[in-house]
Amino acid sequence: MGQFLTPASVAQLMAGMFNRLDLPEISLLDAGAGIGSLLAAFVEKVCQHPQHTSSLCVVAYEIDPFLIGYLHQTLELCKRKCESIGICFNYEIRETDFIEDAVRLLQIGLLNSANATEFTHAILNPPYLKINANSQVRELLRSIGLETSNLYTGFMAATAQLLKPSGEFVAITPRSFCNGPYFRDFRKMFLEMMALQQVHLFESRQEAFSDDHVLQETMIIQATKQKQKSSSVIINTSSGANDDLFMSHSVPYTDLVHLNDIEQFIHIIPDKISQQIVQQMALLTCTLKDLGLTVSTGRVVDFRAKDYLRKNLENNTVPLIYPVNLSNGYVEYPKITKKPEAIVHIEETGNLLIPNEHYVLCKRFSSKEEKRRIVAVVYDADQFNYAYVGFENHLNYFHKKGRGLSLTLARGLAVYLNSTLVDAFFRLFNGHTQVNATDLRKLKYPNLSQLLLLGTGFKEQFPSLQKIDQLIENQLLSMSNLSENNPIATKSRIDEALQILTQLGFPRKQLNERSALTLLALLDLKPTDSWQLATSPLMGVTPMMDFMAQHYGKTYKPNTRETVRRQTVHQFLDAALIVANPDDLNRPINSPKTVYQIEESALELLRTYGTDEWEKSIHTYLTSVETLKKQYAQEREMSRIPIVINGKIKTLSPGGQNILIEKIINDFAPRFTPSGKLIYVGDTDEKFAHFDAAALTDLGVNIDSHGKMPDVIIHFTTNNWLVLIEAVTSHGPINPKRKKELEVLFKGVQIPLVMVTTFLSRKAMVAYLAEIAWETDVWVAEDSTHLIHFNGEYLLQAYQREKKQTS
């Protein structure tokens with residue numbers, strides 16, 4: 001059925017993109033509901049809104065009988081949640097084909113002049129499935145004015161038509177609809193009806209639907225049903241749905257969709273560097289038609305011509321070229337592969353062959369993760385002593401009215417197509433795995449004299465990427481005066497940093513732009529600096545992000561610092577690539593003053609990148625890095641704080657709140673919770689030093705995020721209380737907001753909660769007195785025999801939470 005079920009993280013991200021959740025009445029459409037992941041995330045957001053709606057109605061379409069039972073359960077849970085906070089909730093599951101029903105509703109509305117549009121919001125993960133030109137679904141979509149070849153755009157169009165004016169639309173879909181001829185009708189219909197407001201991109205194709213091995217590049221769009229377009233559109237980018245680090249960029253709507261473009265291509269420009277790439281490409285004004293050239297798809301479809309294919313060359317055959325023959329800028333032939341090497345040259349195959357002259361060949365399929373989306377080579381006819389040649393259908397070939405090019409022109413064209421400039425530009429606007437002839441026709445090219453100049457810029461051996469980019473820069477763009485604003489240098493430097501991280505053996509989750517930029521920031525290495533100029537400044541996470549924005553045009557949301565720390569810096573520390581707080585080993589790792597520095601041996605290694613010493617240096621480094629890891633681990637271990645839990649000695653990372661946590665365990669617990677059971681002890685360096693998850697589960701609590709936990713949890717068995725303790729050294733006390741968070745986190749507990757804020761000294765406590773929540777306790781380590789209780793009759797008193805009245 002073309003179903004790809006939505007992961008919870010994606011559903012939460014999508015639900016968070018809606019703007020208007022405070023309407024008096026909300027009606028939600030989920031056109032392919034599955035088990036209800038999307039609608040459940042939407043309901044959760046509605047319930048969390050401070051001015052939530054009074055009425056919520058959900059219509060969910062699903063035809064898979066296996067999933068419908070789960071969908072009922074999800075909607076019942078949504079109903080229970082809404083009614084508990086006073087929202088009137090109704091739902092309907094429509095066990096019918098969405099396209100058929102949508103067309104019926106829209107046609108009824110037209111015939112009776114009734115308003116068929118009934119939804120204020122729509123959330124959608126449509127099925128991805130090609131539809132036959134003669135199928136019933138295709139006919140139904142034509143009846144509402146849409147000609148399309150894939151079901152996902154049919155779902156998007158029908159959903160948009162069922163929205164009320166000003167209705168909101170959020171969908172996760174393949175990016176392929178943004179360009180290409182197959183989706184021209186859909187783009188025109190959708191962009192006429194809807195105003196794009198937000199786009200969310202994923203750096204990796206594999207992250208959003210990792211369980212399904214999806215190759216299509218996916219994106220999330222948020223749009224409003226109105227003819228008037230927004231002046232600008234927000235483009236957010238993250239590594240995956242679980243990644244809190246969002247790069248955010250605002251672009252004018254007219255840059256996204258060009259007013260005079262009859263194709264209505266959607267140009268998604270995620271950052272300043274991408275804008276510069278677009279500006280540089282705009283300097284090139286020639287089309288293939290201007291050059292007297294065109295590009296076509298290889299004529300030999302091997303399964304159709306299998307009777308004429310031969311494993312090796314023999315009499316009456318000519319060479320047959322496949323993508324596998326493309327290598328280092330030229331055609332490698334013959335080559336040992338499983339593919340046929342030749343095709344019979346007879347009358348029946350005459351229309352499959354072309355004259356043996358010089359051409360440029362280009363692979364038709366590539367993925368975002370490949371080093372180059374466009375892989376082009378020169379087909380040098382002088383290497384083949386045949387009158388004709390066959391190009392297989394997975395290749396595109398550039399020609400001049402069916403005949404070849406001059407060898408110099410072919411070389412110049414291949415150099416241009418393999419450049420970083422073209423690669424970066426193509427990635428911006430091509431969201432599918434194909435490199436279509438149409439996409440290549442839409443590109444702009446240097447003029448004829450410039451291409452010939454590029455073609456004379458090297459001898460027989462095809463130039464390296466670095467040499468190609470130098471040729472493009474010097475002969476086409478003259479960008480040497482742009483210094484750091486050179487987008488090619490910026491893109492190349494990020495790619496180099498990624499290559500280094502790959503060679504250092506970092507796992508795939510760290511092989512992303514965020515990690516590359518973090519490395520470059522820690523080296524204070526700007527786009528045009530030589531690697532030999534790398535340094536090792538002391539740098540915190542915020543200065544790293546400032547460096548990324550200033551020198552690489554990558555502006556991340558300021559509230560995403562923790563993601564850089566958690567998903568890149570920690571892994572760099574584990575690999576001994578960097579060290580933390582070398583200026584003060586006793587400074588706690590979660591201190592706002594924490595700084596990081598490239599490790600000395602790693603700095604020496606990285607300064608050799610791009611030189612003849614690199615391969616030898618990295619081999620030496622990788623053989624010694626385990627010793628480095630142990631050395632730094634021993635240095636930090638010597639400073640750790642020992643504690644005894646259940647008769648076993650454990651250690652906490654040095655400094656900060658862990659000094660206070662040690663006093664809570666050794667002084668507070670024996671005095672105020674004697675014989676209590678220690679369930680959880682947090683550690684700034686390792687998330688937790690001790691966690692008895694089973695004991696907490698027995699009390700009715702399942703925790704999925706240690707980041708929300710209090711610092712210490714004790715089950716005071718004598719009174720049967722659960723004591724939640726916060727150690728205050730750098731973050732705040734249990735204030736009303738934190739108290740509410742803890743109540744929600746521990747709502748499953750059937751025994752009373754006791755909340756305690758602890759300080760090292762009275763002086764530290766004074767700064768927070770005005771914030772401390774009522775019905776909580778305060779303990780000061782320097783006066784360890786006393787407690788302060790806020791507004792209660794007894795010290796360490798349990799309290800009953802108020803039960804909210806429901807209407």
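How many bridges join strand β16 (residues 354–355) to β19, and do the two strands run parallel or antiparallel? In this predicted model, in which local features require pLDDT of at least 70, side-chain atom pairs count only at pLDDT 80 or more, and totals for chains, interfaces and linings use all residues, two bridges join β16 to β19 in the antiparallel sense. Residues are numbered from 1 along each chain as its sequence is written, and side-chain values use heavy atoms, with hydrogens and water left out. Helices (H or I, at least four residues) and strands (E, at least two) are DSSP runs numbered from the N terminus, and two strands pair if DSSP finds at least two bridges between them.

The protein chain contains 25 helices and 31 strands. Nine strands form an open sheet of mixed pairing, in the order β3-β2-β1-β4-β5-β7-β6-β8-β9. Its edge strands, β3 (88–94) and β9 (247–252), each pair on one side only, and the twist averages 15 degrees from one strand to the next. Within this sheet, β6 (residues 194–202) and β7 (residues 218–225) are antiparallel and joined by seven bridges, with Leu201 opposite Met219 of β7.

Helix α1 (residues 8–15) lies across β4 (119–124), β5 (163–174), β6 and β7, and runs at about 150 degrees to β5. Helix α2 (residues 37–48) packs on the sheet as well, touching β1 (25–30), β2 (55–61), β3 and β4, and its direction makes about 160 degrees with that of β1. Axes are lines fitted to C-alpha atoms, for helices over the stretch in contact, and angles run from 0 to 180 degrees between N-to-C directions; contact means heavy atoms within 4.5 Å.

Of the 807 residues in the protein chain, 55% are buried (under 20% relative accessible area, 1.4 Å probe, protein chains only). A nonpolar core is a set of buried Ala, Val, Leu, Ile, Met, Phe, Trp, Tyr and Cys residues joined through side-chain atoms within 4.5 Å. The largest such core has 99 residues, and those touching the most other members include Phe98, Phe169, Tyr416 and Tyr445. Helix α11 (residues 407–417) gives the most to this core, with eight residues. Beyond its neighbours within four places in sequence, Tyr416 contacts residues including Met281, Leu284, Tyr445 and Leu476. A second, separate core of 45 residues includes Met247, Ala516, Leu517 and Leu605.

Terms used. Buried < 20%, exposed > 50% of the residue type's maximum accessible area, 1.4 Å probe, protein only.
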